[in-house]
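The structure is shown first.

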Amino acid sequence: MAKLQKSIDKRNALVKATIELVNNNGFHATPMSKIAKMANVSPATIYLYFENKQDLVNQTYIDVKAEYTNFAFSTYNHAMPVEEGFKLIWNRIADFKLKESKNALFLAQCDNTPMIDEQSRREGIKHLQPLLDLWERGRQEGIIKPLSDYLLYAYAINPLSFLMIMQRRGVFQLDRIHLEEAYESAWSSIKVCK
């Protein structure tokens, strides 16, 4: 049992080091040797857990995406009315992006790199299924605009990444009023206007 825990700890250290280095240096300026050094393991140890750098980055992306969506949907009930469910999910996503900013920044970078392969992106999208199902129900009920999930995500969720990055840079401080205004803007962008 101790051997298994040690193995889990090493893998977790590699994932944590990958997130830290990618956030600070970008994907291409993060060699495996730096990841190993930061994780306090030999470079050869990485290959016990991951095939290569792309596999390491893709697996890290999937792990972080799962953590993100588990947090976002942990208090969501699919029987909630569409607007109530969206507000709850949106606020949980905002909490994650602000409280787990290292992981959120890593995901934001993954959204804009060819390092993440299509299979990993599809796996990441599967983790968003409760939100996608909510939007589909909202479209069927005439509450959500009949737009693609990508457009809904771009208008309603992606602005949170921008705000998180601006806060991290010290340019903008999100307070309770700003968050409420951001939510209202997100909801307004996807709801059907009557």
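## Cavity lining

In this predicted model, the largest cavity is lined by Lys-65, Tyr-68, Lys-97, Ala-104, Leu-107, Ala-108, Asp-111, Tyr-153, Asn-158 and Ser-161. By class, 5 of the lining residues are nonpolar, 2 are polar and 3 are charged.

Helices H4 (53-73), H6 (101-110) and H10 (158-168) each contribute at least two residues to this lining. The greatest contribution comes from H6, with 3 residues. The volume of the largest cavity is about 60 Å³, and the search of the whole structure returns 1 cavity of 30 Å³ or more.

## Salt bridges within helix H7

The structure contains 8 salt bridges. One of them joins the side chains of Arg-121 and Glu-118, at 3.9 Å from N to O. These two residues stand 3 residues apart in helix H7 (residues 118-126), a separation of about one helical turn. Arg-121 is buried, at 16% relative accessible area, whereas Glu-118 is partly exposed at 48%.

Glu-123 and Lys-126 also form a salt bridge, with their closest N and O atoms 3.7 Å apart. Both lie in helix H7, again 3 residues apart, or about one turn. Here Glu-123 is partly exposed, with a relative accessible area of 29%, and Lys-126 is exposed, at 58%.

## A link between helices H8 and H9

Arg-139 and Asp-149 form a salt bridge in which the closest N and O atoms are 3.0 Å apart. Arg-139 belongs to helix H8 (residues 129-140) and Asp-149 to helix H9 (residues 149-156), so the pair ties together parts that are 10 residues apart in sequence. Asp-149 is partly exposed, at 24% relative accessibility. A network of salt bridges links Glu-136, Arg-139 and Asp-149.

Notes. Residues are numbered from 1 along each chain as its sequence is written. This is a predicted model: local features need pLDDT of at least 70, side-chain atom pairs count only at pLDDT 80 or more; totals for chains, interfaces and linings use all residues. Side-chain values use heavy atoms; hydrogens and water are left out. On a 1 Å grid over the protein atoms alone, a cavity is a set of points where a 1.4 Å probe fits but cannot get out, and a pocket is an open set with protein on both sides within 12 Å along at least five of seven lines; lining residues have an atom within 4 Å of a point. Grid points are joined across faces, edges and corners, and a volume is the space filled by probe spheres set on the points. Helices (H or I, at least four residues) and strands (E, at least two) are DSSP runs, numbered from the N terminus. Ala, Val, Leu, Ile, Met, Phe, Trp, Tyr, Cys and Pro count as nonpolar, Asp, Glu, Lys and Arg as charged, and the others, Gly among them, as polar. A salt bridge is a side-chain nitrogen of Lys or Arg within 4 Å of a carboxyl oxygen of Asp or Glu. Buried means under 20% relative accessible area, exposed over 50%, partly exposed in between (1.4 Å probe, protein chains only).
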